[in-house]
Amino acid sequence: MLHRGRESTDGTGDGELTVPMAWLYAEYIADELLRSGDLMPPTSFEFRAGRDALALTVFLSDTDGELSGIRVVTQLETWLSLTAYDQPWQEWVQERLADLEAAADASGRTAPDPALELARAAWRWLRETELLAPDLNAVPGGGAVTGEDEGPKVWTPAWQLGLPLGHLAIHLF
């Protein structure tokens, strides 16, 4: 199917739709990791936050552009270290996106990379969306809490919920 103003999957610019396979594959891997962990309902915003955080990690850590099914298992340790609690994941994402954008600009390509555009959109959603989550910094003993949904809550950026969820999903895989 031809679409004017788009490039083909091979980037030849013959008017065909460009398929962002790198992003779609990263998103598929993230989705499978989260589903196998069975941590959240797949329809929840928390699941989306985890999937987007993991997909960004997978997509941005693929420096050679050769993410393949066989390498997924060998990359699990890398993804675990990138999503660990004490790592500056947010800064790493911003630096990697900037590097990819600079490389795209230097290549002289006229059309934007659709995979990079989807990664930017995921990062924007993770940064700008806040989800209501349990307040893990609440003072213990502040009051009687009978159920998990009745404790103190705080609005939290989606990436701060999605990142530990993704990290746990990798551990459970």
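## Nonpolar core

In this predicted model, the largest nonpolar core comprises 38 residues. The members that touch the most others are Trp23, Leu56, Trp79, Trp89, Val93, Trp123 and Leu126. Two or more residues are contributed by each of helix H1 (21-37), helix H2 (45-61), helix H3 (72-83), helix H4 (89-107), helix H5 (114-128) and helix H6 (158-172). The greatest contribution comes from H2, which supplies 9 residues.

In soluble globular proteins, nonpolar side chains tend to be buried together.

H2 consists of 17 residues, and the distance from its first C-alpha to its last is 24 Å, close to the 24 Å expected at 1.5 Å a residue. The helix is mostly covered, with 14 of the 17 residues buried.

When residues up to four places away in sequence are not counted, Leu56 touches Trp23, Ser61, Trp89, Trp92, Val93, Ala119, Ala122, Trp123 and Leu126.

## Arg96, a buried charge

Arg96 belongs to helix H4. The residue is buried but forms no salt bridge. Its nearest side chain of opposite charge is that of Asp99, 4.1 Å away; Arg96 and Asp99 do not count as a salt bridge because the criterion requires a side-chain nitrogen within 4 Å of a carboxyl oxygen.

The Arg96 side chain instead reaches a backbone atom, the oxygen of Leu60, at 2.8 Å. Apart from neighbours within four places in sequence, Arg96 is in contact with Leu60 and Thr63.

Terms used. Residues are numbered from 1 along each chain as its sequence is written. This is a predicted model: local features need pLDDT of at least 70, side-chain atom pairs count only at pLDDT 80 or more; totals for chains, interfaces and linings use all residues. Side-chain values use heavy atoms; hydrogens and water are left out. A nonpolar core is a set of buried Ala, Val, Leu, Ile, Met, Phe, Trp, Tyr and Cys residues joined through side-chain atoms within 4.5 Å. Buried means under 20% relative accessible area, exposed over 50%, partly exposed in between (1.4 Å probe, protein chains only). Helices (H or I, at least four residues) and strands (E, at least two) are DSSP runs, numbered from the N terminus. Contact means heavy atoms within 4.5 Å. Lys and Arg count as positive and Asp and Glu as negative; His and the chain ends are not counted. A polar contact is a pair of N or O atoms within 3.5 Å; within protein, one must be able to donate a hydrogen and the other to accept it, and residues adjacent in sequence count only if both atoms are side-chain atoms. The expected span of a helix is 1.5 Å times one less than its number of residues.
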